[in-house]
Amino acid sequence: MNQYLSKQVADLKPSGIRKFFDLAAQMDDVISLGVGEPDFVTPWTFIEQSFHALEQGYTSYTENAGMIELREQISGYLQKHYALDYQPDDQVIVTVGASQAIDLALRTIVNPGDEVIVVEPSFVAYVPAISLAGGTPVTIQTKAEDAFKLKPEQIEEAITPNTKAIMLCNPNNPTGTFLTKDELEPLAAVIEKHDLIVLSDEIYAELTYDENYTSFPSIARMKERTILISGFSKAFAMTGWRLGYATGPAELISAMVKIHQYTMMCAPTMAQHAALEALKNGRQSLQDMVDSYKQRRNFIVSSLNEIGLDCPNPGGAFYAFPSIQATGLTSAEFAEELLQEEQVAVVPGDVFGANGEGYIRCSYATSLKQLDEAMERMKRFVTKRLEKAPVHAEASN
Amino acid sequence: MMEHEVELLKLIEKNANLSVDKLAKLMGKKPAEIEEMIAHLEEKKAILGYSTLIDWAKVANEEEVTAMVDVKVTPARGVGFDKVAERIYRFPEVKAVYLMSGAYDLSVSVRGNTMMEIGRFISEKLSTLESVLSTTTHFVLKKYKHDGIILEDEDDDDKRIVVSP
Ligand SMILES: Cc1ncc(COP(=O)(O)O)c(C=O)c1O
């Protein structure tokens, strides 16, 4: 049947995560640090509010852009926490996860041949989503010695006459790298100079642990060229509800709504009701989860370093991204052997981009008990490897 | 109280079994600092003890009965409810005593091996106290949640797929 596939789809590379998933799914007693979603179940009040809405008969479509009450809440939330000013009626769209917002935003701005910059190591969906929108992904490889922080020169180097836009993700999946206002401003200057559109994926914005968060469109003159993408999956532990949103200039958002109305109609109604409750009454639940992620981050980072895997402190999201170079293994070897020998699943860094080679992604959205056990198992695994590969260990220290 | 003391208290309130080393890692502190904080909090009696939450219903031959008793009392001049509360809470059968707003004064939680045993305690000891005017006893039939912990959480395994983006 392959001859019937569109060329675009046939050319898409299978996801490296998928391959690893198949391997891990066959095994018993696996402790997974490979999961990109919260371990918390959605806070009960959101679930209960959704039940209530269903009982009341809210089972039909909503407005294409999402319920106006929800758009008002999103607008108010962005105002309160990030000093952003978006009009609920024409600058906010409620989507089926941030995933759909990314797809809509790309399809809204990309013409065939347009280049869109992706900063690697990156969330695995960006490159394929750009290709599917007819664009050409151009990747930037951030450097480990810069703590995987994007530098303005790197944007300059990637720019060609065809560059249309850049995808930013702050804090970043998979590295947990967090850019502060001071680090974002020089990027904004280059972006403005070259008249780029920014797709700013801020889905992990609430999950930052040490410093205040600056939303990209709140930087001077960036709002008019930025589509802000976020959602409820991570901060509110609502991955399965499939609810996200995008905000931006009215012309861009209304173009996104146009695609959305023909291809999706609207985001799920019961999920919109749960999200409304999340924004109205979810602050304490969110804070409790953030406190817990922060503690687990502290725990996993110090444990990884103790084991002998060099791991800088990630400022946000729920991922640690330690180097495994001291073991002399590739990322894929490390992840596969660790899974086979100790039944711990981590994601090899190279699936997030070539510069992720030599690293693994460990999600700490896992109970302390599981994390503790996973660290014990990894310690056994790594100690054996370090004994075997003392040369490598010394070379990288 | 300092912020990190509150953080420590919240952690051990949820799990008193965490080792000093683990607490240190979670809070990004040194083990010695944690020990010092705990000693300080014990000294000023912010930490009163370390207990384990046990579901006795799961332990053979150790079933126990709990009753919540609403007690009306006459407060004594000068000392109010405190004196009578003390007379009540000194009994080892009494697990908790609260002064309440509303229709009665003290809420007393009593634990024993059988209903008979509790009945005897209430009729012989509690209701005969001089300042006790009346008691209303409610026996607990089933515990669903205690101190924030759900007792029969059968279905709490991880429902996430093992690896995701
Ligand atoms: C950086 C990033 N953006 C977007 C998403 C998609 O989230 P949603 O569940 O809202 O579609 C994820 C999920 O893993 C992510 O890590």
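How many residue pairs are in polar contact between chain B and chain A, with both at pLDDT 80 or more? The count is 14, where a polar contact is a pair of N or O atoms within 3.5 Å; within protein, one must be able to donate a hydrogen and the other to accept it, and residues adjacent in sequence count only if both atoms are side-chain atoms. This is a predicted model, in which local features need pLDDT of at least 70 and side-chain atom pairs count only at pLDDT 80 or more, while totals for chains, interfaces and linings use all residues. Residues are numbered from 1 along each chain as its sequence is written, chains are lettered from A and ligands numbered from 1 in the order in which they are written, and side-chain values use heavy atoms, with hydrogens and water left out.

**Confidence**

- The predictor gives the complex an ipTM of 0.85 and a pTM of 0.93.
- Chain B has a mean pLDDT of 92 (the predictor's confidence in each residue, from 0 to 100), and 99% of its residues reach 70 or more.

**Where the chains meet**

- On the chain B side, 14 residues are in contact (heavy atoms within 4.5 Å) with 32 residues of chain A.
- The two chains bury about 1,800 Å² between them, counted as the accessible area (1.4 Å probe) that two parts lose on being put together, summed over both. Carbon and sulfur atoms carry 60% of that area.
- There are two salt bridges across this interface, a salt bridge being a side-chain nitrogen of Lys or Arg within 4 Å of a carboxyl oxygen of Asp or Glu.
- D372(A) and K22(B) pair up through their side chains in a salt bridge, at 2.5 Å from N to O.
- On the side of chain B that touches chain A, the elements giving two or more residues are α1 (3–14) and α2 (20–27) of chain B; helices here are DSSP runs (H or I, at least four residues), as are strands (E, at least two), numbered from the N terminus.
- Of these elements, α2(B) gives the most, with four residues.

**Salt bridges within the chains**

- Over all chains, the structure holds 28 salt bridges.
- In chain A, R71(A) and E63(A) meet at 2.9 Å, N to O.
- In chain B, E152(B) and K58(B) meet at 4.0 Å, N to O. This pair links distant parts of the chain, 94 residues apart: E152(B) is in the segment after β6 (149–150), and K58(B) is in the loop between α3 (31–43) and β1 (65–73).
- K83(B) and E86(B) form a salt bridge too, their closest N and O atoms being 3.6 Å apart. Both sit in helix α4 (residues 82–89) of chain B, three residues apart, about one turn of the helix.

**Two single residues to look up**

- S200(A) is in strand β6 (residues 197–201) of chain A, and counts as buried because its relative accessibility is 3%. Its side chain makes a polar contact of 2.7 Å with that of E202(A).
- A103(B) is in the loop between β2 (94–99) and β3 (106–112) of chain B. At 67% relative accessibility, A103(B) counts as exposed (over 50%).
- A103(B) and D70(B) are 33 residues apart in sequence and 9.0 Å apart in space, C-alpha to C-alpha.

Conventions
Buried means under 20% relative accessible area, exposed over 50%, partly exposed in between (1.4 Å probe, protein chains only).
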